[in-house]
Amino acid sequence: MRIILVTGPGGAGRTTVAAATALAEARAGHRVLLVSEEADPGLAGDGLSILRPDPAADFRREFLALQARSGAALDLLGAAPFEEAELTELPGSRQFALLRALRDAARGTHNLAVVDLPPLPEALALLALPEQLRRYLRRLLPPERQAARALRPMLAQLAGVPMPAQWLYETTARWEAELAAAQAVADAPTTSVRLVLEPGPAAVRALRTARLGLALQGLALDAVVANRLLPADSEDPWLAGLTAQQHRHLAELRTAAGVVHELPHLGRDPRGAEDLALLAPVPPAAPAPAPVPGREVEDRREEDGVLVWHIALPGAVKEELALVRRGDELLLTVGPFRRHLPLPPALRRCTVTGAGLVEGDLRVRFTPDPGLWPRTP
């Protein structure tokens, strides 16, 4: 299944563009699923289905399930269980509900899923969340520690109740599986991101931020959409001045992005399918672009056995980079973004001997420890 993730700065119209994209593809004969909290239910039909994540209901369902699984341990502690009516969603519930919706969308029978993501900074954090949480789970509850489960039946018999460690590991395993499924959707070669911008002073900066954050996650940017373009032929001097200013920023955006898909300002907030149809042509759902090149190991034996790891970071500048080796990982910080990159087996017993940025390509140099890598005669 092809999946398009739509995001952009707050207020740029990403929800409208996501709905217009889904509607146009459905009218073109595709089976489309639109995932959006704010989608108009009236758009459903003629090949278009709608999935509206419900963070509150999702939180209550997951919390009550966890409470039921740990009921024996809670009884031992004398805790009073919660009832569904008294549960209020916690901060972060929206992100987890959206990740589950993304996972469910990929399991459907549609040709295309269009997902309305949160505003750009939150969307980038959301896409990085599954990998980050899986790393935390592995550190806090390493799978190898589960070997100690052989002792739990004896301890449970002595205590008279199931040991908390049992349900804790079961819950962790379930979370790991769900996070892995969400991460697999984001990492799939058929998944890409569509960026919606309103031409203005911050548009080019938002494009650079998106490119950098997506590249660090290995995600492809398939289209840049300039939304709410004012008419260029107005005789009103006030409106003409705004249009001229907007088109100057649009020219900057074209220079930075290359191809920009332009959508007009309707003079009102879009309402219903007919207004969304006026926003065509929305960039079509072409085959997903090639994954962002990066994190490839190049064996440079001709340079005295040095290995070079390429990491694509378009738009990065040297002053924003920080690279730290921690065990079998590299901690890479680029501006506001951070990612732990597991080292391939070939590099785990090598020493980092340098790093440089060449035209958006970070090249990390490794030298094998003596005796671990044969040198070229």
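Start by selecting Leu127, Pro130, Glu131, Gln183, Ala186, Asp187, Gln217, Leu219 and Arg339, which line the second largest cavity. That lining divides into four nonpolar, two polar and three charged residues. (Ala, Val, Leu, Ile, Met, Phe, Trp, Tyr, Cys and Pro count as nonpolar, Asp, Glu, Lys and Arg as charged, and the others, Gly among them, as polar.) A cavity here is a set of points on a 1 Å grid over the protein atoms alone where a 1.4 Å probe fits but cannot get out, and lining residues have an atom within 4 Å of a point. The space inside is about 70 Å³, a volume being what is filled by probe spheres set on the points, which are joined across faces, edges and corners. Helices α5 and α7 each supply at least two lining residues; helices (H or I, at least four residues) and strands (E, at least two) are DSSP runs, numbered from the N terminus.

A quick note: this is a predicted model, where local features need pLDDT of at least 70 and side-chain atom pairs count only at pLDDT 80 or more, while totals for chains, interfaces and linings use all residues. Residues are numbered from 1 along each chain as its sequence is written, and side-chain values use heavy atoms, leaving out hydrogens and water.

Next, pick α1 (14-27) and α4, which each supply at least two residues of the largest cavity's lining. About 90 Å³ of space lies there, and residues around it include Arg14, Glu37 and Asp116.

Now select Phe59, Glu62, Phe96, Arg100 and Trp175: of the 21 residues lining the largest pocket, these are the closest to its centre. A pocket is an open set of points with protein on both sides within 12 Å along at least five of seven lines. This one holds about 510 Å³, and α2 gives the most to its lining, with six residues.

On to the rings. Show Phe63 and Phe82, an edge-to-face pair 5.5 Å centre to centre, with 80 degrees between the planes. (Rings of Phe, Tyr and Trp, its six-membered ring, pair if their centres lie within 6.5 Å; planes under 30 degrees apart are stacked, over 60 edge-to-face, the rest tilted.) Ring pairs link Phe59, Phe63 and Phe82 into a cluster.

Last stop: is Trp309 buried or exposed? Trp309 is buried, at 2% relative accessible area, and Phe366 is buried too, at 0%. (Buried means under 20%, exposed over 50%, partly exposed in between, with a 1.4 Å probe and protein chains only.)
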